[in-house]
Amino acid sequence: DEVHAYYEVIINDVHQCIDTPIQLQIKKLVKLNNAYQQATANEAFFDEAKIRWPLKLRKWQSGDSMTVLGMKHRKKISDILIDLKVDVWTKEKTYVLIDAGGNILWLIGYRVSDLCKVTDSSNSLLHIQIGTAE
């Protein structure tokens, strides 16, 4: 609907729960394990030290692009969604998580950015999950 077309949620810090327009759980993990290597489509892990706050949640927009994890070059969100064969109705309900520098960190439910990727030298992780915590 039109109301949510330009709707943005500002996320100021960790341990925040977002209920609308989609549900997100944000947690800081200080104990590193290899869970991030088996991340599902419903979750993303980031190197917390590389995050530029505040984060912003909004619907993706025409012209948005990101550097997908493992890639060297930026790719348009529209092209990523086409490559993934995402239908037009689902596309309209797809959100992005953006850092303070305007960089897309997560095409939510689909692709994580290379910018804040977790490496062996990461000390603390940000774990963001779609939905409510069980």
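**Strands and a buried arginine**

Author: Let's start with a pairing: I11 has L55, in β5, as its bridge partner. Keep in mind that this is a predicted model.

Reader: How many bridges do β1 and β5 pair over, and is the sense parallel or antiparallel?
Author: β1 and β5 are joined by 4 bridges, and the pairing is antiparallel.

Reader: OK, and what's the strand order in the open sheet?
Author: The open sheet has 5 strands in the order β1-β5-β8-β9-β10, with antiparallel pairing. Its edge strands are β1 (8-11) and β10 (111-112), each of which pairs on one side only.

Reader: Which strand is R58 in?
Author: R58 sits in β5, the strand covering residues 55-59.

Reader: Is R58 buried or exposed?
Author: R58 counts as buried because its relative accessible area is 10%, and the cut-off for buried is under 20%.

Reader: So what does R58 touch, leaving aside neighbours within four places in sequence?
Author: R58 is in contact with Y7, E8, D64, Y95, V96 and I98. With D64 there's also a polar contact between the two side chains, at 2.8 Å.

Reader: And where's K117 relative to R58?
Author: Their C-alpha atoms are 21 Å apart, and 59 residues separate R58 and K117 along the chain.

Reader: Switching topic: how many disulfides are there?
Author: The search of the whole structure turns up 0 disulfides.

Terms used
Residues numbered from 1 in each chain as written. Predicted model: local features only at pLDDT ≥ 70, side-chain atom pairs only at ≥ 80, totals over all residues. Heavy atoms only, no water. Helix = DSSP H or I, 4+ residues; strand = E, 2+ residues; numbered from the N terminus. Buried < 20%, exposed > 50% of the residue type's maximum accessible area, 1.4 Å probe, protein only. Contact = heavy atoms within 4.5 Å. Polar contact = N/O pair within 3.5 Å; in protein donor to acceptor, adjacent residues only side chain to side chain. Pairing = 2+ DSSP bridges. Disulfide = S-S within 2.5 Å.
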